Amino acid sequence: MEEKLLLLIQILFLVLILVWCTIGFSLIYRKIRKSQLNRIERTFASEISKFLYPAHGEEYHYLNVQRALQAVGAKPSKKGNIQYLIDLMIRAQRSMLGNNYNKLRLLFSQIPPYGASQSKLNSRKWYVKARGIREIYEMEQVQYIHDITRERNNPNIFVRREAQIAMVVFLGWESLRFLPYLKKEMTLWQQIKIVEKLYAHYPDAQIKYLKKVYGTQRPYAQELLMRIIRKFNLFTEVDYIIDFLNHESFDRRETAIYCLNSFKLTEEQLQEVKDKLFKIPNTEQQVQLMQYVTQISTEPDLQFFDKILQTGNDILELSAAEVLWNNGYEERVREFYYSQYKLKEVI
Amino acid sequence: MAKTALIIQQDLILLRVLERMSLTHQYRCKAIRALNELDIEDQNENFDLIISDILFDGIAPMDYVHQLQEIIRHKSLVIITSMGQKKVRQEILDIGNVAGFFAVPLNFDKVEQMLS
């Protein structure tokens with residue numbers, strides 16, 4: 001019995017020592033690793049600065065940068081270091097604009113991180129793949145665009161999202177040749193991201209690409225196009241949005257009303273919107289649209305409001321009455337509601 | 001005599017680039033990552049230019065700017081920070097005696113104009 005107990009204590013003691021050893025080892029390893037990464041960061045920062053602002057006006061050759069980075073361990077054989085270098089590159093490029101940005105882009109295309117991003121494209125793991133695509137478009141390595149375009153219908157949502165964003169960054173308005181014909185649906189969030197990226201990189205609208213895809217029947221694509229029209233304030237293309245006001249799908253109508261909100265309309269367009277209001281099957285949306293119409297026209301159109309008062313829809317009537325009341329047509333509202341009272345009393 | 005510049009940036013890349021930039025404009029330059037790396041001797045210096053971030057551990061941005069202006073003698077102060085919201089910008093400029101406010105990402109050419 002005693003021997004067994006001693007043995008147990010011995011074993012437990014051994015385990016304890018083992019745990020201590022692991023902790024000690026991990027501490028030392030982390031310390032070394034940290035200093036290694038810091039060294040890479042320091043070297044990178046000083047090399048970048050020398051490259052951007054060379055002494056005495058001489059050009060600082062990119063091979064010097066490459067050699068210095070290799071000397072501190074950013075070699076293809078060390079994947080962790082290369083990944084750290086890529087993150088540094090993206091960070092550097094993100095903090096600069098103008099001339100320096102272009103210089104850096106040139107530098108990074110000359111000292112590519114040994115195809116690390118590109119090899120990620122062939123990975124089977126989705127998170128590696130998505131990260132690779134992201135790195136490629138963040139660093140604008142346009143040479144890989146063909147590999148990326150292939151991923152736009154990838155079954156994994158994160159991969160195809162990054163691929164679509166990359167297409168917008170690289171192709172700009174031309175990406176509209178592909179984006180409306182994707183096999184999978186696109187979330188609202190992704191639509192917004194695409195519109196924002198397009199606006200950030202290509203603020204000059206190229207309407208010819210837009211016009212070519214008006215025929216698309218994909219729900220997300222129609223919404224995407226409407227959002228683009230709104231973001232770029234393309235008032236010549238408002239008719240496309242107006243067409244969707246009485247669409248059978250709730251979401252399409254919702255988007256159309258939302259996108260229309262930032263535009264002023266011509267007389268005919270306004271008339272068309274007013275006509276379409278009566279064809280919308282949802283009261284909430286009708287009220288929204290009516291408020292928009294009131295907001296953009298200086299004088300309330302009495303004919304239009306009279307017509308609304310006759311729809312028989314209580315909520316809509318009340319909103320119309322409110323608008324009339326606030327614009328000094330109290331008499332008309334009173335008349336309308338009193339006439340109902342009389343009717344009810346008789347009944 | 002060469003002009004002097006003090007650069008305080010947490011981000012190492014920005015720090016080095018700004019340092020090189022002022023060196024090429026014949027500035028004598030001290031580049032540090034936080035205010036506590038400052039020497040006693042530096043406090044006697046009258047810097048021609050200070051380029052600083054406003055985001056540091058343990059101190060609010062506005063307090064930091066006030067303190068900086070109090071502690072270190074200088075001729076002009078430029079703020080470069082990744083905290084570049086309009087509200088912050090307005091608050092900083094309201095303090096007064098701030099020659100410029102740049103939000104990251106920034107165009108270095110504009111900062112360079114201030115150096116020459």
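## Two backbone details

Let's start in the loop of chain A that runs between α11 (219-231) and α12 (238-243), where Asn233(A) has its place. Although Asn233(A) is not a glycine, its phi is positive, at about 55°. Helices here are DSSP runs of H or I with at least four residues, strands are E runs of at least two, and both are numbered from the N terminus.

Chain B has a detail of its own: Val104(B) and Pro105(B) are joined by a cis peptide bond, with omega about 5°. Pro105(B) sits in the loop between β5 (100-103) and β6 (106-107) of chain B.

## How to read the model

This is a predicted model, in which local features need pLDDT of at least 70 and side-chain atom pairs count only at pLDDT 80 or more, while totals for chains, interfaces and linings use all residues. Residues are numbered from 1 along each chain as its sequence is written, chains are lettered from A and ligands numbered from 1 in the order written, and side-chain values use heavy atoms, leaving out hydrogens and water.

## Where chain A meets chain B

Contact (heavy atoms within 4.5 Å) links 22 residues of chain A with 16 residues of chain B. The area buried between the two chains is about 1,600 Å², and carbon and sulfur atoms give 66% of that; buried area is the accessible area (1.4 Å probe) that two parts lose on being put together, summed over both. Tyr53(A), Ser95(A) and Leu97(A) supply 38% of what chain A buries against chain B, more than any other three residues.

The interface holds one salt bridge (a side-chain nitrogen of Lys or Arg within 4 Å of a carboxyl oxygen of Asp or Glu). Its partners are Arg91(A) and Asp11(B), at 3.0 Å from N to O. On the side of chain A that touches chain B, α1, α3 (79-94), β1 (96-97) and α4 each supply at least two residues. The most come from α1(A), with nine residues.

## Two helices crossing in chain A

Helix α1 (residues 2-52) and helix α4 (residues 98-110) of chain A have axes that come within 10 Å and cross at roughly 115°. Axes are lines fitted to C-alpha atoms, for helices over the stretch in contact, and angles run from 0 to 180 degrees between N-to-C directions.

In this contact, Phe44(A), Ile48(A), Phe51(A) and Leu52(A) of α1(A) meet residues of α4(A) including Leu104(A), Leu107(A) and Phe108(A).
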